[in-house]
Amino acid sequence: MVNFRERPVKSILFLLMLAVIIVYLLFPFYWAINSSLKTESQLFMTPATMIPRDPVTLEFRPYWGNYIHIFQSGQFVRGLRNSVIVATLATLLALSVGTFAAFALGKLRFRGKTASLYIILAMTMFPQVTILAGLYAIITRLPLGTIPGMIFSYLIFTLPFTTWVMTSFFKDLPIEIMQSAQVDGATPFQTFYKILLPLTAPALVTCGLLAFIQAWNEYIFALTFTAIDPGARTVPVAIALFTGEAAMQEPMGETLAAAVVVTVPVVVLVLIFQNRIVEGLTAGAVKG
Amino acid sequence: MDLQKRERRLAYKLMAPAMVVLLVVALYPLGHVFYTSFTDRVFAGARDAQFIGLENYHRLLAVTVEELPPVIDEETGEQQIDEETGKPVYERPIRVLPRQPHAYRELTTFSLFGSRYVLGARTPNFIRAIGNTLYFTIVSVFLETVLGLLIALVVNSEFKGRGLMRATMLVPWAVITVVSARMWEWMFASSRAGFFNMLLDRFGLIDRSIPFLTLRSFQVPAMIAIDVWKTTPFMALLILAGLQMIPQELYEAARVDGAGKIRRFFTITLPLLKPAIAVALVFRTLDALRVFDLFQVLLARSRYSMASFNYYELVANRNMGLSSATGVIIFIIIFIFAIIYMQMLGVEE
């Protein structure tokens with residue numbers, strides 16, 4: 001497509017289009033970084049500046065205080081810790097339970113298989129908000145604690161997702177592997193445990209990462225269940241409800257610093273695993 | 001056969017944990033919600049919940065249309081004319097809408113065949129929430145599909161740095177929705193400290209800054225803008241995967257037959273892309289219909305989506321019965337959309 005010598009106008013137009021797309025996708029994130037490096041007075045300079053500038057001299061002057069403050073404030077650090085615990089455990093639980101089911105759905109023959117597949121698929125599109133009141137009633141009644149309650153309720157979206165994606169991976173594994181293992185005298189469970197599971201390790205990583213991101217993102221359950229237990233707030237809730245030390249004032253700089261801090265690790269992970277993620281997303285969606 | 005029986009037994013054992021979990025986290029709460037939606041249960045209420053039948057549903061969905069009689073001037077015997085606006089005066093909606101046995105409040109007024117009517121609802125906020133959600137869903141999914149297709153077509157051509165481009169596309173998708181809401185909240189700020197007002201001002205397009213998030217006509221479009229930014233790349237990636245499955249020979253053959261670029265797009269690319277687009281469309285629509293994060297973070301109680309209405313009814317008003325009925329209605333609306341899609345697209349198994 002890009003060939004300056006033969007088609008200069010076309011090439012330039014094409015590159016321009018690429019540039020527009022890239023700016024569109026990245027600019028809001030840049031703006032958040034830019035604003036997170038400003039003091040309160042720099043934030044409210046009008047017109048807004050494209051880089052943090054000194055209000056008087058207009059020199060480039062970034063301010064790191066917002067980042068320091070959020071790590072000193074208990075609410076953000078606690079949110080991070082809660083989010084890591086909740087998202088990790090919800091993912092691991094979903095992966096272990098889901099992989100067993102996926103093996104059965106992908107490779108074994110049994111009655112009720114098609115129906116089970118349909119149920120799982122329907123569950124991946126299930127609107128969580130529908131059962132909000134029901135789950136809330138159950139969680140507040142069980143002596144479970146808010147965090148275990150959240151982990152458990154997150155299975156409602158992580159489990160169908162992991163089961164569905166892993167099923168499609170198991171289906172793609174050649175049946176000959178299983179047959180030769182059986183000929184060698186392995187039981188179906190040994191075949192699963194010793195042969196198929198190692199083969200699906202890459203798929204497990206992808207699937208786990210996607211489930212983790214979903215759980216890391218989750219907001220409506222977390223917001224509802226932590227309404228009576230602020231200590232259990234996860235990162236999205238903490239960022240949504242960010243309050244400054246001075247009451248009645250919204251600390252936008254700190255909020256955006258927190259936004260940058262929670263986004264960077266996920267972006268790095270996503271970039272490392274980008275090929276796998278695209279595969280996983282398309283397996284989860286296109287094969288549906 | 002023994003082997004077959006063993007295989008079946010193993011399958012049931014492997015499926016059991018997943019099924020038990022789904023039963024507890026999904027089916028039981030669903031049953032609970034369905035049951036509660038027929039009661040007047042209040043969260044942490046002192047008295048026992050009463051079975052009230054369809055009252056919650058009636059309260060949420062009941063609408064009525066009443067004609068507004070013209071206000072007659074007693075002296076002239078003709079309809080009064082507003083001195084300021086020069087428009088004929090009608091009775092105020094609040095005096096026309098029924099108050100017994102249930103109070104209806106004004107949703108909107110409209111004219112039809114020379115008469116003036118008022119549309120009233122028992123819970124205008126919920127009817128508006130349905131409207132807001134449908135508006136949000138239809139416009140954002142449409143824009144995401146068109147933009148996603150465009151980006152996918154651009155990224156699909158051969159160029160250096162294509163991998164980097166694909167990586168860039170994953171960035172908005174990786175940002176937590178609440179975080180993107182707050183990032184855009186600051187860009188939408190109502191003074192020139194906000195990016196959009198600064199930009200509009202720099203190009204001399206506005207005299208006064210626009211409060212995007214409080215002005216009613218800008219609220220839902222602002223939500224759409226954020227959602228489009230965040231999910232278009234996802235749409236583009238799904239469409240891109242579909243594009244890469246189209247065999248190149250088809251294009252070669254069409255070129256040999258003398259088909260132009262546009263013709264090739266409409267006769268090869270688009271039809272072969274249909275399944276990929278269809279699936280992406282279904283996923284996005286069902287997702288957009290339950291939008292919560294953006295509305296709750298940015299608009300709170302000034303404007304509801306169906307899901308945020310449900311949340312506030314439950315947490316702020318502690319009205320479990322009504323919240324449950326809302327949940328069931330959302331479920332039914334999403335179900336209807338799913339069925340329509342299946343019918344329209346003939347999704348193959």
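In this predicted model, 44% of the 288 residues of chain A count as buried. For chain B, 39% of 349 residues do.

**Fold of each chain**

Chain A has 14 helices and zero strands. Read along the sequence, its pattern is α-α-α-α-α-α-α-α-α-α-α-α-α-α. How does the radius of gyration of chain A stand against the globule rule? The value is 24 Å, well over the 19 Å that the rule gives for 288 residues, so chain A is more spread out than a compact globule.

The table sets out the two chains.

| Chain | Residues buried | Span of the C-alpha trace along principal axes | Contacts joining residues at least 24 apart, among those at least 6 apart in sequence |
|---|---|---|---|
| Chain A | 44% of 288 residues | about 80 × 70 × 30 Å | 73% |
| Chain B | 39% of 349 residues | about 85 × 70 × 45 Å | 61% |

**Domains of chain A**

Chain A is divided into two parts: domain 1 covers residues 8-63, and domain 2 covers residues 71-285. Their C-alpha centres lie 34 Å apart. How many residues does each domain bring to the contact? Domain 1 of chain A gives eight residues, and domain 2 of chain A gives six.

On the domain 1 side, helices α1 and α2 (40-43) of chain A each supply at least two residues. Helix α1 of chain A gives the most there, with four residues. By type, this side of domain 1 holds three nonpolar, three polar and two charged residues.

**Contact between the chains**

Now the interface of chain A with chain B. Here 79 residues of chain A are in contact with 78 residues of chain B. Which element gives the most to the chain A side? That is helix α1 (residues 8-36) of chain A, with 11 residues.

What is the make-up of the chain A side that touches chain B? Its residues divide into 63 nonpolar, 15 polar and one charged. On the domain 1 side that touches domain 2 of chain A, the division is three nonpolar, three polar and two charged.

Terms used
Residues numbered from 1 in each chain as written. Chains lettered and ligands numbered in written order. Predicted model: local features only at pLDDT ≥ 70, side-chain atom pairs only at ≥ 80, totals over all residues. Contact = placed C-beta atoms within 7 Å. Nonpolar A, V, L, I, M, F, W, Y, C, P; charged D, E, K, R; others polar. Domains from an automatic or database assignment. Rg over C-alpha atoms; globule rule 2.2 N^0.38 Å. Buried ≥ 20, exposed ≤ 12 C-beta atoms within 10 Å, placed from the backbone.
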